[in-house]
Amino acid sequence: MNKKVNDFSITVGTKNGSGSSTANNTILRSIFKMGIPVSGKNLFPSNIQGLPTWYTIRANKDGFIARHETNEIVIAMNPNSFARDLASVAPGGAFFYSDDIKQPITRVDVAIYPMPIKAIVKNDPNIPTDFRELVGNMVYVGILAQMIDMDMDAILAALTFHFKGKQKPIDMNFNALKAGADWARENLEKKDPFYLEQMDKTNGMIMADGNTAAAIGSVFGGVQFSAWYPITPASSLAESLNDYLPMLRKREDGKHTYAVVQAEDELAAHGMTIGAGWAGLRSMTSTSGPGLSLMTEFAGLAYYAEVPVVIWDVQRIGPSTGLPTRTSQGDLTFTHFIGHGDSHSVVLLPGDVYECFEFGWKSFDVAEHVQTPIFVLSDLDMGMNQWMSKPFQYPDVPMDRGKVLTEQDLEELKGSWGRYLDKDADGIPYRTLPGNKHPMSAYFTRGTGHDEYAKYTEDSEVYIKNMDRLKRKYYDAAKYVPAPVLHANKKATIGIIAYGSTENAIFEAQHQLVHDHGIESEFMRLRAVPFNDEVTKFIAKYDQVFVVEMNRDGQMHQILLTEYPQFAGKLISVAYQDGLPAAAKWVREGILAKYESGKQKKAAVKKTAPKAKPASKPKKAAVTTKVAKKPVKKSAVKSKTSAKSKKK
Amino acid sequence: MNQPLPMAGAPANTNAAGLTKNDYRGAPSTLCQGCGHNSISNQIVTALYEMNVVPEDVMKFSGIGCSSKSPTYFLNRTFGFNSLHGRMPSIATGALFADAHMKGIGVSGDGDTASIGMGQFKHVMRRNVNMVYIVENNGVYGLTKGQFSATAEKGLQLKKQGENPYMPVDICMEALVSNATFVARSFAGNPKQVKELLKAALSHNGIAILDIISPCVTFNNQDNAYHSYAWGKDHEEPLHEISYIAPRNEIMLEREMMEGEIREVAMHDGSTVILKNLEKGYDPTNRIEAMRVMEEAQRNNWLVTGLLYVNTQKPTLTSIYNLVDTPLNRLTEADLRPERAMIDKVNALMF
């Protein structure tokens with residue numbers, strides 16, 4: 001049997017609330033510690049205890065770590081999902097199961113490993129009775145470790161981290177794990193080809209989840225106020241603020257430079273956030289789609305009143321009980337247009353855990369510079385799962401507090417200023433903050449009904465002028481938001497546009513498109529709306545630009561169509577959402593389903609007036625021709641981040 | 001109206017802060033002639049002037065409705081935020097974190113507070129936000145032209161709406177059960193009491209709920225309506241006469257103590273509220289007694305006015321957060337961005 005090394009997926013099926021997350025995180029972290037690129041995704045139901053839940057880990061030596069739709073190794077711990085779990089093993093795969101589950105084994109094409117977990121735990125006198133079920137999870141980790149050559153030092157490092165160095169739980173779990181490994185060594189014969197081998201591809205990297213990263217980034221951004229209301233999958237973002245603020249912003253006098261308030265609902269959370277932002281604090285809230293629905297009226301007010309606030313939306317499916325624990329990119333158009341009337345909000349789109357950190361601090365700079373609400377769209381996959389990441393880097397620019405007039409400034413201006421006066425002709429007015437003691441500092445804040453000096457008016461001309469300025473300000477914000485990332489490919493014949501957590505799936509799909517179909521592509525990952533010129537140029541380059549996203553209606557596609565009507569004929573939507581983290585399979589299939597091989601890159605003639613698509617269906621036969629067999633490594637695709645991101 | 005005490009050295013038309021009454025005024029009112037809200041705005045101007053409060057040291061807030069328009073008509077020199085319907089408390093809660101030395105003055109109405117904003121009203125009290133929360137209560141929606149509000153009494157007849165079939169929400173009762181630390185009721189037609197209660201409320205450290213029956217002359221001023229001038233004048237049952245004594249004017253105490261039964265309430269800033277009880281020997285620090293009096297008044301159709309309840313011992317929201325003394329909105333990057341070495345510390349904490 002040919003060994004398959006560092007290239008397979010492991011899925012563990014357990015009962016929700018059975019305490020398997022420690023075990024599964026241990027597998028993930030151990031593989032990471034062995035230097036092998038890896039990802040772990042928790043696929044869980046909305047439930048505290050009892051329902052089936054899965055944790056899927058993908059180890060891949062080439063760095064393709066998007067969720068894989070085939071499971072080479074399946075560990076079944078839950079009788080309720082046993083049949084389904086067994087059926088999900090790829091042919092030639094391995095199936096481990098807890099032997100107290102007495103259900104028929106219907107597969108002959110996979111290696112079957114029964115695990116006497118209960119017996120092993122029972123025989124260990126060091127495990128207290130009430131810890132048996134919890135620690136039992138470690139036994140399957142031990143058996144798996146033995147069977148796929150997981151490194152014991154790496155496992156110990158993972159457990160030490162998990163239990164924060166506390167020896168007693170480390171020992172108890174590690175002993176149970178070793179008992180499992182010992183049993184497997186003596187009793188199981190290896191019948192599958194899957195092995196792990198040490199690599200060096202994760203050297204210098206960290207593992208973190210996006211909500212933690214966002215919170216830490218916000219702390220480095222100087223967050224002073226956060227009001228929030230519990231909601232999956234955003235709660236851990238605000239909770240992480242409470243974890244890290246006391247440590248990172250500790251002062252000798254023990255006093256606080258910040259406040260985190262758990263509000264009574266999202267209406268109040270957003271109201272408090274806006275009140276604080278209005279009064280000059282770096283202010284944020286974090287929520288998900290249903291919470292954002294409640295925040296909508298306030299979001300519109302903040303837009304018109306030009307209040308700087310940061311709103312993290314860790315996207316999920318919803319509302320109500322509609323798949324609340326499943327990931328999504330479904331809030332893009334909602335946040336883009338949030339508020340009634342002609343509102344256009346600036347949206348930042350982090351693509352990985354590092355960018356959750358980075359946008360954590362950057363978002364405040366953009367908010368205060370532009371004086372507008374900034375929506376940061378993360379998602380459940382990024383927010384709650386552990387991702388490999390480069391280490392967080394200290395902000396490379398000083399804070400941008402925007403245009404704020406102090407007492408001294410007002411003295412110099414002899415009190416002559418207007419809150420909504422476009423003095424610098426950039427659409428961004430000056431503001432003052434409550435507590436300013438100058439007698440001319442105060443102004444009265446309202447929605448749209450104000451003149452340049454914040455006096456109430458319903459005058460049509462004044463209204464129009466103000467609305468035009470807001471629109472200018474919005475489009476100008478493209479200068480201050482993170483620029484798109486171009487993964488350049490000179491041989492490309494098609495363009496791919498995507499955003500957020502789908503990047504890994506797209507890298508892999510690009511690889512497959514070249515390898516299996518001979519289609520070379522260039523990938524631009526958007527990191528914000530509004531768009532800058534780089535986006536325009538990118539779309540202009542190709543006859544087919546596939547806009548890939550995790551929702552039903554192709555929301556980014558819709559926004560691009562609106563912003564680039566001249567390119568409408570070549571922007572092709574590849575939208576898919578099943579609640580699971582992005583996988584290369586649907587990206588590839590989505591592109592192939594709409595790909596037209598006849599169209600060529602150059603065709604300068606077509607450039608001006610895009611024609612309607614030819615009626616004929618894409619020819620599948622043409623695209624299946626295999627070209628050069630040589631696998632394209634990820635490193636061959638050059639990544640280039642534009643340095644043009646943020647300048648004052 | 002009481003004249004302020006003459007202050008040595010200050011010109012007659014300026015207060016101890018060196019400001020004239022004009023410094024406290026706002027834009028001309030656009031509310032209806034005779035609206036109770038205008039009278040309240042005037043008392044806010046006078047109270048702050050007499051208390052020598054600098055307009056830049058307070059923030060004013062409102063929701064939506066006729067009442068919520070009124071912050072435009074007082075304190076031009078004060079930062080203000082006219083927010084959303086029923087959401088004034090959350091805006092104020094967040095804003096007051098920016099400078100914990102500042103006091104909030106919020107103006108709301110009965111629709112804004114008792115209907116759409118009931119949730120935020122309850123929670124702003126629960127948190128003891130340091131602000132005066134005025135409900136200009138007229139039992140009717142004015143701006144949308146005369147619909148019943150949640151404080152309208154059962155059986156009230158309105159022109160277009162017919163008869164109100166529901167029991168009213170009692171703002172003060174709601175405040176009391178929500179652990180508000182200062183609960184008072186007054187009547188816009190009794191400007192002296194309004195002013196004295198405003199002064200006491202401004203001196204209170206924490207949330208001060210002031211339910212002011214403020215008749216709507218346009219949509220709800222029939223003689224038999226609970227929120228009308230005529231009814232209010234006939235049915236007002238003041239618990240006591242009330243005088244507010246600024247911190248340094250203790251000498252007043254002795255003069256006032258000459259009359260009848262007097263109860264003093266010491267405020268956190270050293271000022272005193274003096275209640276001259278009319279009949280009942282009323283103790284405003286007794287929450288159960290306050291509830292009993294309100295229940296009794298409701299049964300008897302009395303409009304009980306005065307300081308119903310006060311508790312000066314509860315910490316305010318911002319004091320719970322142990323904030324630095326410098327207002328948070330004056331902190332700079334040096335205070336807010338962790339030093340460079342901390343990034344390594346954070347990375348070391350990740351796996």
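User: How far apart do the C-alpha centres of domain 1 of chain A and domain 2 of chain A lie?

Analyst: Happy to start there; this is a predicted model, in which local features need pLDDT of at least 70, side-chain atom pairs count only at pLDDT 80 or more, and totals for chains, interfaces and linings use all residues. Residues are numbered from 1 along each chain as its sequence is written, with chains lettered from A and ligands numbered from 1 in the order in which they are written. Domain 1 spans 4-195 and domain 2 spans 208-389 of chain A, with bounds that come from an automatic or database domain assignment. The separation of their C-alpha centres is 35 Å.

User: Which element gives the most to the side of domain 1 of chain A that touches domain 2 of chain A?

Analyst: The contact takes 12 residues from domain 1 of chain A and nine residues from domain 2 of chain A, where two residues are in contact if their C-beta atoms, placed from the backbone, lie within 7 Å. On the domain 1 side, α1 (20-33) and β3 (38-43) of chain A each supply at least two residues; helices (H or I, at least four residues) and strands (E, at least two) are DSSP runs, numbered from the N terminus. With five residues, the element that gives the most is β3(A).

User: And which element gives the most to the side of chain A that touches chain B?

Analyst: Between the chains, 56 residues of chain A are in contact with 45 residues of chain B. Elements giving two or more residues to the chain A side include α7 (210-220), α9 (266-278) and α10 (289-305) of chain A. The most, nine residues, comes from α9(A).

User: Which residue in β2(B) does F444(A) stand opposite?

Analyst: Two bridges join β17(A) to strand β2 (residues 79-82) of chain B, and the strands run parallel; two strands pair if DSSP finds at least two bridges between them. Opposite F444(A) stands G80(B).

User: Is V260(A) buried, exposed or partly exposed?

Analyst: V260(A) belongs to strand β11 (residues 259-262) of chain A. A residue is buried if 20 or more other C-beta atoms lie within 10 Å of its own, exposed if 12 or fewer, and partly exposed in between, with C-beta atoms placed from the backbone. Because V260(A) has 19 C-beta neighbours inside 10 Å, the class is partly exposed.
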